[in-house]
Amino acid sequence: MSKEYVDMNTPVIEMRNITKKFGNFVANDGINLTVHKGEIHAILGENGAGKSTLMNQLYGMFKPTSGDILVNGKKIEMNNPRDAINAGIGMVHQHFMLVQPFTVTENIVLGTEPKKGVALDMATARKNVVEISERYGLAIDPDAKIEDISVGMQQRVEILKALYRGADILILDEPTSSLTPQEIVELIAIMRNLTKDGKSIIIITHKLKEIKESADFCTIIRLGKYIDTVDVDKVTENDLASMMVGRNVTFKVDKPEQEPGEVVLDVQDLHCVDYRDVEVVCGLDLQVRRGEIIGIAGIDGNGQTELVEVITGLRKGTAGKVLVNGVDVFNKPPRFGFDQGVSSIPADRQKHGLVLDFAIEDNLILQNFDEDPYSKQHILQRKPIFEHATESISGFDIRPGGSEKRPAGTLSGGNQQKVIIAREVQNDKDLLIAVNPTRGLDVGAIEYVHKYIVEQRNKGKAVLLVSFELDEIMSLSDTIKVIFDGKIVDSIPGKDANENDLGLMMAGGKSNG
Amino acid sequence: MDNKKTVMQIISENRFMHILISVALGFVVGALFLVVMGLSVGDAYGRLLSSVTTLKGVSYVIVYAIPYIMTGLSVAFAFKTGVFNIGAEGQFVMGSMSACVVGILLGDLPKIILIPLCFLVAMAAGALWGIVVGLLKTKRGINEVLSMIMFNWIAFYLSNYIAGIPAIHSDGTAEATKNIADNASTLLPADMIKSLGLCPTANWGILVAIVAMLIVWFIIDKTTLGYKLKAVGANKFAAEYGGINVNGSILTALAISGALAGLGGALQLMGMGSRISVFSSQEGFGFAGIVVALMGCSNPFGVLAAGLFYGALTYGGSKLNLEGVPTQLISVIVGTVVFFIAISVIFERLKYAKKAPKKVKEGKENK
């Protein structure tokens, strides 16, 4: 950034030479951060680089081992989030901290409720909330309950909560990780609006595209160390990626041409309803053959989640057939499908993929614990289990090494995903289903996951990829099928696809074919 | 990164520490009550200690502890597999009642057959009580805590009813069943009790309890069954995804848990009670099991220790009125201990939430 800029204004936030140690582990090593009024500043780094640690110090969640924090040029001691809030800093956590059965208004004023005597003054509270939401252009329904509104709306509530407490500096931790593409566009517009109003925003992220689209400056952290602060307009996504991981990153995956083989998965006229009893998969047909990746593109809520759940046996369908290698697994338990050749990387790795409290070695045998050599006569054999884990950890580069006995929940998201991939790939099944396999992962981990998915295809496995990331669908799929309203409405070769056409088809428009 | 492991270690160590501290605080609060009542703390606690440190006292403590260890194991086993077995009370009653019926009606069988038969029938009865609740949960989605509380009362009244059946009911005037046959008793030989100076109800049930503890430990730690049950307890979605039969596992867990409590009922009856009275309120062995499981960190060995501790408090407490101290002091101490253990869990969570967003973040998406 230019020198004049720094001299002209006192920065609203200045973190000087921040070092944070946990025991022997240095999470932050002499990091500097300067944020000016009206600026959107991105903090970029891989999983585990120390971004959240840095921000948690700014928000008073823990104290730096050494270094100073200055707010508006004044050195501030942050002992707890209350101090940060008083200094005008607000934070929106990645996992929202909202009371689900409460209304939007109740959540926003929680802890600072206006009172009439001893009674709550909800009328004033509501008025204040409406006022503030109009002032910043964050439309919300003040009377809706949190549990009834979308994730994007919940995020607005979190932002309003911070603004209501008088925040001038907003920290957004991975703000887009659970948003739909449309909601991301809206969020970026909201951020722009806020900065026009003189607010400053810090976003923690590893999504390069969003940094390019929204941020003014970007500070890169790698392995706890400060790398650089750059003017976003002057660098490319590739530059950012290289700085983040410390080497050149390829976004392209190598995929040799190959003829697909026989059909592994054959879904015929599948119907299924969701929890409201509304039909969400309506007569869907789909085939996946050996040696090909079929990508399912579609806007969330068009039946792709339910489709996968029926194939993997987690949900009962209402009609149809799901043939795996010629055997119908429709409405059979998950184990049956697994035995016929279905393996999968589930959408929610923490809910379905892993038992977080279990050691990594135990997670790696989730489907095989009752098989030789991991157990004999139903007695677990600790040695083979441990050795299998050691091999998987080195073979799939699960970090940190030597973590066989550590609970899976202590790993970073990317490494958790590696544990699942190690397990599913080693199961060596004919069909691999991957649902949003790179959600929440950083560039390095994404590259890794993509490599393994393509490798499965090259080895002659059938791969079904469901993803909301169009880039991912386009770069990996041999054929892209567009799902809309519970049906496959279009099918195009992956190499011919472009984002605009796909977007149109996903919205229910027709392609030229 | 290495510090993560030590943090986890510290937490688990702290858990043990918290329990010791809670126990100590229980006695401190008990002392406060004594002071307020104008009684001597030294006399009361001295009596408590002296009554459980003689050979006779120890034999009493062990005998008292047997049912607590069993219901403690029952609750702890269910805890490990993600089910809160508040129904151990009913399972215990079913066990003692059915062992009693067998011990009376089939009293002519030789000891070597009758005793194992009583154990098996009691375990089956307890398991049945667990399975029915499990079926209601898995087939009908009925919350197991509610149905267990109701099943406790069903067992209670069923036991009272059966005690009144002429073939079972005492021939005398007592509102109780006949005594079980001597062949169904686990009491030590009378001359042995006399010569060693043990308590009159000294029995070898503790050996059964220790074997049960070892089996529970083995199942949980060493077997695929334990793996399955723990997986369901820790994350039933992942377990289902991995192909584990979740409902089957819940039923298995409740059956084993019920069998443990049922066996506890049999041990209590065959060693100590020798008959079942018509009760006007629940005896509370199952509920004590929850306390014991809590104090034992749901660890089988911990449960053994906690069961003995609870037995010592119960027996020692019964001697307190010799010092003019109300025996309810024990309830105060136990209640306080449980309270502080509960608090310590909350305290840990607070600390965890405050100090370790780092860990939480790492566990989730990104740091």
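Residues are numbered from 1 along each chain as its sequence is written, while chains are lettered from A and ligands numbered from 1 in the order in which they are written. Because the model is predicted, local features need pLDDT of at least 70 and side-chain atom pairs count only at pLDDT 80 or more, whereas totals for chains, interfaces and linings use all residues.

Begin with the scores of the model, which are ipTM 0.76 and pTM 0.74.

Next, select 3-245 of chain A for domain 1, then 262-341 + 431-442 + 457-513 for domain 2, and 347-428 for domain 3; such bounds come from an automatic or database domain assignment. Between domain 2 of chain A and domain 3 of chain A, the C-alpha centres are 27 Å apart.

Now colour chain A by pLDDT, the predictor's confidence in each residue, from 0 to 100: the average is 87, and 96% of the residues score at least 70.

Finally, select chain B, where the mean pLDDT is 86 and 90% of the residues reach 70 or more. Residues 1-9 of chain B have pLDDT below 50 and, beyond near neighbours in sequence, 13 contacts in the model, a contact being two residues whose C-beta atoms, placed from the backbone, lie within 7 Å.
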